[in-house]
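Here is my note on the structure, as numbered points. I start with one of the sheets and the helices on it, then turn to the other sheet, the chain contact and the helix packing.

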Amino acid sequence: MKRFLRTISCAAAAAVLFVFALSAAGCASSGGKTVLRVYNWEDYISQPDGSSDEYVDLIAKFEEENPGVTVEYSTFGTNENMYNELKINAAGYDLVCPSDYMIMKMIDEDMVEPFTDDFLANSNYAKYASPYIKDLFEQNEWTRYAAAYMWGTMGYVYNPELVSAEDLSSWAGIWSGKYDHMSTIKDSVRDSYFLGVAYVYREELAALAKEYGAGNMTLSDEKYAEYNEKVTAIMNRTDEDTLEKVKSALLDLKQYLYGFEVDSGKQDMITGKISINFAWSGDAVFAMDDAEPYTDENGREIPGIYLNYIVPGECSNIWFDGWVMPKGANVELAQKFIDFLSRPENAVANMNFIGYTSAVAGDEVYEEMIDWYDESAEGTPGFDEDGNALVPYDLNYFFGGTGNYDDYVIYVSEDSLNRQISAQYPTEQVIVRSAVMQHFDNETTAAVNEMWEEVKGLPIPVWAYIVIAVIIALILVAALSYIYKGKRREPKPKKGYRIQKKGA
Amino acid sequence: MTKLRFSRKQLCIPYALFLILFVVFPMLMILFYAFTGEGADGGLTFTFANFADFFTSRAKLSTLLMSITIAIISTAICLIIAYPLAYILARSNLKRKNVLLMIFIMPMWINFVLRITALRELLDLVGLLGTENYLNTIIGMVYDFLPFMLLPLYTTLEKLDKSYLEAAADLGGNKFTVFTRVTFPLSMPGVISGITMVFMPSMTNYVVSDTLSNFNITILGKLIDEYFTTYDNWHMGSMISIILLVIIFLTLLATGGFKEDKSNARGANLW
């Protein structure tokens with residue numbers, strides 16, 4: 001026993017030493033410098049890409065501008081992972097970038113530090129963040145705690161050669177054998193729940209849009225707030241009846257689906273495995289960019305397809321990711337970083353790298369968008385090289401007041417209207433009918449998760465029951481024959497004799 | 001200067017440390033989480049609710065049933081393919097049969113995710129992807145775990161004492177009888193080792209089912225992952241892990257994996 005104890009204490013001592021060594025190493029690396037610990041989504045900030053200097057290294061740039069500051073940058077894959085990490089390691093981060101509903105949850109649970117008044121009044125974020133985003137945050141009372149980073153809508157990316165846009169003008173478009181095994185939806189509860197709700201209440205939503213004349217409504221319309229509130233209320237229904245309806249709707253949809261995805265959808269669109277993908281607008285831009293035909297550096301024409309993006313008529317989901325500072329964060333430094341990221345030139349760098357739409361407006365972003373999308377011939381805005389009139393794409397709702405232009409309008413051809421630009425910056429009409437998804441309380445989350453689990457786990461094919469039945473029968477037969485054989489083989493001793501056991 | 005001397009017991013320390021840190025401690029954690037739940041006041045309370053929930057949920061039971069079905073079919077197919085192969089390889093007089101064996105094992109040297117992604121493209125080319133989800137998953141499992149079945153079978157059959165077979169033949173057994181009465185029973189340790197090696201991961205390896213069925217099929221491993229990451233319910237996740245553990249334990253018990261048989265020492269338990 002004594003020996004055993006010694007062994008154990010030896011082991012314990014070794015473990016303690018090991019931990020000490022680790023923590024010592026941890027301290028050494030940060031000694032003498034101020035550290036900003038940023039926790040962000042994967043691939044969600046402009047970083048150098050191998051040998052090419054196409055992308056700006058924003059973290060290095062920030063460190064250069066702020067001597068003595070080191071950025072410790074780490075990434076997460078889902079909001080829930082991030083949340084768990086914060087629960088375990090509460091004081092570990094100064095700045096994190098969760099999605100909308102998670103921001104609401106964190107604010108509700110009093111996990112985040114408020115911004116200072118100075119930041120809210122004078123930072124680049126205050127100056128350049130889009131007025132639309134700022135209004136949205138103001139309405140929902142998030143301004144104090146969160147600064148928007150990237151945002152977008154949800155819709156369908158589709159191949160116009162195989163799919164008619166008219167079918168997808170309603171969310172119900174993929175609920176039919178017409179596009180059998182041609183479409184994917186998200187393997188993510190919240191997004192697919194949204195889709196299900198939009199499908200279940202499509203008639204109610206359509207009637208509402210008609211009643212308010214949402215087709216021509218702008219954000220400055222006096223009825224906008226009322227209309228949007230009603231849409232938001234419908235899209236956030238979680239009562240039992242809704243859950244039941246959504247479940248059967250999604251199970252119904254499952255038979256027509258190619259599958260679910262969170263990441264592979266873009267690639268499957270590009271390679272033509274699927275023709276419709278329920279997508280985040282940022283991924284839609286990526287898919288459209290990559291699928292397009294182009295000419296490579298040797299002058300060869302690489303064939304491709306022009307994919308389109310559509311936000312069905314009933315409603316859409318407006319989503320965003322934003323910066324929040326967990327309790328105990330280095331507020332001053334964290335705000336400095338947000339301020340840095342909100343500088344339009346850095347927002348452009350991010351949009352270049354990530355492909356998503358920055359919440360920051362400003363003239364530099366606008367000019368970059370003109371560079372990307374405006375098809376006007378030089379000197380004749382609104383007309384292409386052949387003198388044909390282009391369609392104006394109005395972005396005043398987003399850029400208005402953040403720069404020196406009077407009118408933020410991009411001119412694009414009819415064909416391009418449903419391409420990248422519609423995913424990058426939705427039209428005002430799409431925005432009007434877009435709802436933010438609220439954070440569900442724990443009980444509701446559990447109910448929604450259970451619904452999703454059934455959608456994913458059911459139904460079992462008939463043959464599986466048969467296989468199981470056959471196997472159970474086989475096991476029974478084997479067991480019975482074993483018992484029977486065992487009985488028969490046991491030699492019976494003669495009267496008065498006893499069988500001596502082996503080794504006895 | 002004194003010589004460093006280690007007694008045998010001291011040499012065990014690294015292993016003991018490893019055992020405590022990575023086996024015993026995590027097991028205790030899983031047990032702890034599986035039988036606790038969040039009480040009304042937000043604190044942890046002891047409960048059997050997770051256990052009850054599992055066996056009353058239609059979705060979870062279906063997932064369990066589906067995982068077992070997929071695992072059994074995959075294992076059976078692996079056995080049917082691997083046994084003749086191992087038999088032929090072991091009995092052949094080829095000079096370089098190790099090279100032949102290596103060819104079958106070689107896929108294991110390539111990164112697993114890469115192989116599955118490649119298989120996905122292959123299945124797309126054949127036209128199975130997106131339609132035959134169950135078939136694809138089983139193909140993936142078999143493709144992936146065949147070497148795990150092949151190796152223990154080969155080792156047992158290779159090490160099999162040829163004099164038994166000669167004796168059986170001498171005593172008048174034809175080839176078929178020799179196989180069914182001598183070779184097969186003697187290769188049982190390899191069969192069992194192979195079955196356990198294939199059956200267990202086939203129930204949980206959700207990379208295969210996710211990639212090849214386009215997330216249409218949920219197996220137990222996936223469910224555990226969902227509970228830990230998206231559903232954020234470690235208690236249920238741990239409970240499912242425990243249930244899986246019990247199933248695997250029962251399989252081992254049924255196949256006699258715990259029997260301290262001398263025949264096991266013949267290299268069948270390669271793993």
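1. Helix α14 (residues 331-341) of chain A lies across β1, β2 and β3 of chain A, at about 55° to β1(A). Lying across is a matter of contact, meaning heavy atoms within 4.5 Å. Angles run from 0 to 180 degrees between N-to-C directions, and axes are lines fitted to C-alpha atoms, for helices over the stretch in contact. Helices (H or I, at least four residues) and strands (E, at least two) are DSSP runs, numbered from the N terminus. Helix α3 (residues 79-88) of chain A also lies across β1, β2 and β3 of chain A, running at about 145° to β1(A).

2. On the basis of the note: this is a predicted model, in which local features need pLDDT of at least 70 and side-chain atom pairs count only at pLDDT 80 or more, while totals for chains, interfaces and linings use all residues. Residues are numbered from 1 along each chain as its sequence is written, chains are lettered from A and ligands numbered from 1 in the order in which they are written, and side-chain values use heavy atoms, with hydrogens and water left out.

3. The sheet under these helices is open, with three strands in the order β2-β1-β3 (chain A) and parallel pairing. Two strands pair if DSSP finds at least two bridges between them. The edge strands, each pairing on one side only, are β2 (69-76) and β3 (95-96) of chain A. Strand β1 (residues 34-41) of chain A is joined to β3(A) by two bridges, and the two run parallel. Opposite Val38(A) stands Leu95(A) of β3(A).

4. Another open sheet of three strands has the order β14-β5-β16 (chain A), with antiparallel pairing. Its edge strands are β14 (319-323) and β16 (357-358) of chain A. Two bridges link β5 (residues 147-152) of chain A to β16(A), and Trp151(A) stands opposite Thr357(A). Helix α7 (residues 131-139) of chain A lies across β5 and β14 of chain A at about 110° to β5(A). Helix α15 (residues 344-354) of chain A lies across β5 and β16 of chain A at about 40° to β5(A).

5. How many residues does each chain give to the contact between chain B and chain A? Chain B gives 35 residues and chain A gives 35 residues. The buried area is about 3,200 Å², with 61% from carbon and sulfur atoms; this is the accessible area (1.4 Å probe) that two parts lose on being put together, summed over both. In chain B, Phe215(B), Asn216(B) and Tyr231(B) lose the most area to chain A, together 18% of what that side buries.

6. In chain B, helix α12 (residues 220-228) packs on helix α13 (residues 234-254) at an angle of about 160°, with the axes 7 Å apart. The two are therefore roughly antiparallel: angles under 35 degrees count as roughly parallel, over 145 as roughly antiparallel, 65 to 115 as roughly perpendicular and the rest as oblique. Residues of α12(B) in the contact include Leu223(B) and Tyr227(B), and those of α13(B) include Trp234(B) and Leu244(B).

7. Helix α3 (residues 49-56) of chain B and α13(B) cross at roughly 70°, their axes coming within 9 Å. These helices, α3(B) and α13(B), are therefore roughly perpendicular to each other. Among the residues that meet are Phe51(B) and Phe54(B) in α3(B) and Met239(B) and Ile243(B) in α13(B).
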